[in-house]
Amino acid sequence: MAPQETQQDLTPKKLQSTYLNNLMNRLITRNPGEEEFHQAALEVLESLEAVIDRHPEFVNMGIIESLVEPERLIKFRVPWISDCGRVFVNRGYRVQFNGAIGPYKGGLRFHPSVNESIVKFLGFEQIFKNSLTGLPLGGGKGGADFDPKGKSEAEIMRFCQSFMTELSRHIGEDTDIPAGDIGVGVREVGYMFGQYKRLNNRFTGVITGKGLDYGGSLVRTQATGYGVCYFVEQMLAAGGRSLAGTTVVVSGSGNVAIYAAKKAQELGATVVALSDSGGYIYDKDGIDLDLIRQIKEVQRARISDYLNHRSSATYTENPHGIWTIPADIAIPCATQNELDAVAAAELVQNGCICVAEGANMPCTPSAIKIFQENGVLFAPGKAANAGGVATSGLEMSQNSLRYSWEYEKVDRKLKVIMQDIYQSASAAAKEYDAEGDLILGANIAGFMKVANAMLAQGAV
Ligand code: NDP
């Protein structure tokens, strides 16, 4: 978790509704120490204050109590053998949070920080995000506290196979369909898909983000990053602006960051900075993304290597410093709570007009408050980064049809989905007298569909 200020951010405020306040306090008591989960839940409960006034049936039927309690949390041992023959043991997780509108869907994260709080915050957010896509997808998430950094290809493969050996009992194309997230890309998805197939003797769309040769969808790799930019274009267009001619700072240099930067460049912006967990690079002439892809995707090296090829660039240790670079638009695409109040104040002072969350929950609550108070357009992750899961939904459709759609068709569908998400979040914000507040709008729009489905299905 990022800077000290975050701790203060996470102290729950008193919600106006006694019912929601009690519910939040109970959630904290029942999930002690799970700060990321508390943070994600509080943000949604704040948005639901107005909804429960209009919909007492959600309270009477315990819909919100059910919503904050995962349907199932699976926790398992993942033993694997290193190249030197030693056995290591990691912990794996899958949270099947809510299946009211479709099979559980959400990525797998391999990172040493993964614990119950992280998978629950991500799984909880995924419920609303998936609902916003308009596709029939429930919310889930998972991962392991395994650190892929410094591991050999063979070690990664053995870890993925061991992880899937247990996970395979709990998933299926109509039950739960995982995908990638931090530390899990097409390579890891391939190893896990292979192991699932071997254990079950079935070739089925049980995981998304697959390689194109064996059931993956065109545009899936690019979808989250591209989707963020399609969303930003919608937000800017409402004020008669666009990405063209703007200066953009993107944090991270993984899957989401690279393709957000690429689409921003294609739409006429200059992307001047990217980062990894070690530090950030600044290139005032615009980052060479082909070079970044070579360094990060092919060589799997550090972003500081960029300097070996570009003398115009600078590298600064400490990734948080990236937000001191003046930019019109900031797109945090690394990890949760990476952008705090100090960074937000700096961005505002430097004239930033728009912040879009490519990562999940990258901005702390007090950073968001600063953006809102200063009229900065703000796109919450559950709306702005939903393009990835939406395209995974499209991969599932293609797998069911045993067919693959061409690039333009998938990209067109992605663009329409991002436009629809923007429209439904904006409309819900307006309906609840908070025009322009896309956090509230996205939370309410995502919630209503799931809550109504839960209501219709009875107390299950
Ligand atoms: P990747 O593993 O591909 O990339 C993560 C990137 O973030 C790496 O460059 C990593 O650097 C960097 N990073 C990690 N921690 C920090 C830090 N503290 N400061 C700066 N950089 C950091 O992951 P993704 O791109 O897939 O995911 C990024 C975010 O987007 C996550 O929040 C994820 O949940 C979210 N997301 C991903 C989706 C997807 O389709 N992949 C869909 C929707 C959301 P290093 O290599 O040094 O670790």
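A polar side-chain atom of Thr 224 sits 2.7 Å from an oxygen atom of the ligand, a polar contact (a pair of N or O atoms within 3.5 Å). The model is predicted: local features need pLDDT of at least 70, side-chain atom pairs count only at pLDDT 80 or more, and totals for chains, interfaces and linings use all residues. Residues are numbered from 1 along each chain as its sequence is written, and side-chain values use heavy atoms, with hydrogens and water left out.

Lys 149 also reaches the ligand. An N or O atom of its side chain is 2.9 Å from a ligand oxygen. Val 256 uses its backbone instead: an N or O atom there lies 2.9 Å from an oxygen of the ligand. The protein covers 86% of the 890 Å² of accessible area that the ligand has on its own (Shrake-Rupley method, 1.4 Å probe).

The shell holds 25 residues, each with a heavy atom within 4 Å of the ligand. Among the closest are Asp 181, Ser 277 and Arg 302. Helices α10 (220-237) and α11 (255-266) each supply at least two shell residues; helices are DSSP runs (H or I, at least four residues), numbered from the N terminus.

Now turn to α17 (residues 407-431) and α18 (residues 438-457). Their axes come within 7 Å and cross at roughly 105°. The two helices are therefore roughly perpendicular (65 to 115 degrees). In the contact (heavy atoms within 4.5 Å), α17 contributes residues including Tyr 422 and Ala 425, and α18 residues including Leu 438 and Ile 444.

How values were computed: A polar contact is a pair of N or O atoms within 3.5 Å; within protein, one must be able to donate a hydrogen and the other to accept it, and residues adjacent in sequence count only if both atoms are side-chain atoms. Axes are lines fitted to C-alpha atoms, for helices over the stretch in contact, and angles run from 0 to 180 degrees between N-to-C directions. Angles under 35 degrees count as roughly parallel, over 145 as roughly antiparallel, 65 to 115 as roughly perpendicular and the rest as oblique.
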